[in-house]
Amino acid sequence: MTVSRKIKMAPYMNWFLASQLFSHVTGAAFVGTLSQSRGKESSTLLCVASQDAPTVDKTRRTAPSEVVKMFNDFSDHFESKLVDVLEYSAPKDIAATASRRIDEAREGRLYESVLDAGCGTGLAGPHIYPLLEGPLIGVDLSPKMAEMAAELLVDDGDSPIAPDRMRRSDENARNALGGTDRLYDGVYIGDLLDLANAKQMEGYGHVIRRFQKDYELVISADVMCYFGEMGAVLEVFADMLSPGGDLIFSTETIAEGDYNWIRCESERYAHNPEYIAKQAAGAGLSMVSQEAFTPRIESGEKVLGTLHTFHKPS
């Protein structure tokens, strides 16, 4: 059973005391971490917890099995819901940030390889494709979402054949069309914390058949909201980057309070940008920028988000 309570915390209250208070009030385990108070008179945190914590493991993330089930069930309606109803913009904003990096930091050089980490149905693909001159690789935990990304075709004419250039076909239809190129050069099913065991989507004619490392750009749109603690996944991203490469990703942002991250009623995680920067530095990444933005609209309200750009030194 999931429960939530608002708890007023004094400045001196540490994580242990807060967790004990929450457990005493609700009979549940506290989910979320608190950083040291910076002397605020008091803070309010909407704590969300589960009595048996089925969705949280020792890495403080949503259980992979839950993510797979949720997005497998949601895959057929995912794009129409996000784009048409929630005004989802994270993929476009990430691509715009990458484009600025090309102009301002790469002297106009396109990226030679890109990893779309948590690619979903491939919504970022059409936006990032014009910014690279090498392979675009996608990986996702949900087989049905990855299948939709694997079906995407290049649609780079002056007039798009499909809205937002999201054009798909199975392999038989693609061959009948004359072998139009796939948008992604490889799509894999895998956990971001276990990419060594990622498995390729077979039967789509992809060029790259082995998962590689050393990408010049790693992007991740609306994926980190399923991780609480960020150290491990940022280390994976840093390992995937080639020296001199860029990492661009989005997070949901804590509205107020002196916390590293919290698990919200939506069962998604929101993060403190300062905490993200610290964890990225620990992974050997240099911060380029952290920009406030609106990734989508929910219940008529703008969701608070941060667009993060980090660089792996050469």
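Helices (H or I, at least four residues) and strands (E, at least two) are DSSP runs, numbered from the N terminus. By this rule the secondary structure of the protein chain comes to nine helices and 17 strands. The model is a predicted one, in which local features need pLDDT of at least 70, side-chain atom pairs count only at pLDDT 80 or more, and totals for chains, interfaces and linings use all residues. Residues are numbered from 1 along each chain as its sequence is written, and side-chain values use heavy atoms, with hydrogens and water left out.

Two totals describe the chain as a whole. Of its 314 residues, 53% count as buried, where buried means under 20% relative accessible area, exposed means over 50%, and partly exposed lies in between (1.4 Å probe, protein chains only). The other total concerns contacts, meaning heavy atoms within 4.5 Å. Among contacts between residues at least 6 apart in sequence, 66% join residues at least 24 apart.

Helix α4 is a place to begin. The expected span of a helix is 1.5 Å times one less than its number of residues. For the 15 residues of α4 (residues 90-104) this gives 21 Å, and the end C-alpha atoms are 21 Å apart, which agrees. Which residues of α4 are buried? They are A90, P91, I94, A95, T97, A98, R101 and I102. These residues cover an arc of only 160 degrees around the axis, which puts them on the same side of α4; the arc is that of the directions from the helix axis to the C-beta atoms. The face turned away from this buried side carries the exposed residues D103 and E104. The cover over the buried residues of α4 includes α5 (125-128), β10 (215-220), β11 (241-253), β14 (286-293) and β17 (305-311).

The loops on either side of α4 each hold a residue to look at. S89 has its place in the loop between α3 (78-85) and α4, and S89 is buried, with a relative accessible area of 18%. Its side chain makes a polar contact with the side chain of D93 (2.9 Å). A polar contact is a pair of N or O atoms within 3.5 Å; within protein, one must be able to donate a hydrogen and the other to accept it, and residues adjacent in sequence count only if both atoms are side-chain atoms. A polar atom of the S89 side chain also lies 3.0 Å from the backbone oxygen of T294. Leaving out residues up to four places away in sequence, S89 touches T294 and P295. E107 is found in the loop between α4 and β4. Its phi is near 55 degrees, a positive value in a residue other than glycine, and E107 counts as exposed at 77% relative accessibility.

Another residue other than glycine with a positive phi is D214, at near 65 degrees. D214 is found in the loop between β9 (199-200) and β10 and is partly exposed, with a relative accessible area of 47%.

Helix α9 (residues 273-282) has Y275, I276, A277 and A280 buried. Among the elements that cover these residues are α8 (231-240), β11, β12 (261-263), β13 (269-271), β14 and β17. At the start of α9, a side-chain oxygen of N272 reaches to within 2.8 Å of the backbone nitrogen of E274. After α9 comes G284, whose phi is positive, near 90 degrees.

The aromatic rings come next. Rings of Phe, Tyr and Trp (its six-membered ring) pair if their centres lie within 6.5 Å; planes under 30 degrees apart count as stacked, over 60 as edge-to-face and the rest as tilted. How many aromatic pairs does the whole structure hold? A search finds four. One of them is the stacked pair of F249 and F310, with 6.0 Å centre to centre and 20 degrees between the planes. This pair links distant parts of the chain, with F249 in strand β11 and F310 in strand β17, 61 residues apart. Both F249 and F310 are buried. Elsewhere, ring pairs link Y188, F211 and Y215 into a cluster.

The cysteines come last. A disulfide is a pair of cysteine sulfur atoms within 2.5 Å, and by this rule the count comes to zero. The sulfur of C225 is 9.5 Å from the closest cysteine sulfur, in C264, too far for a bond. C225 is buried, with a relative accessible area of 1%. C119, in the loop between β4 (114-117) and α5, counts as buried at 6% relative accessibility. Its C-alpha atom is separated by 5.5 Å from that of D140, 21 residues apart along the chain.
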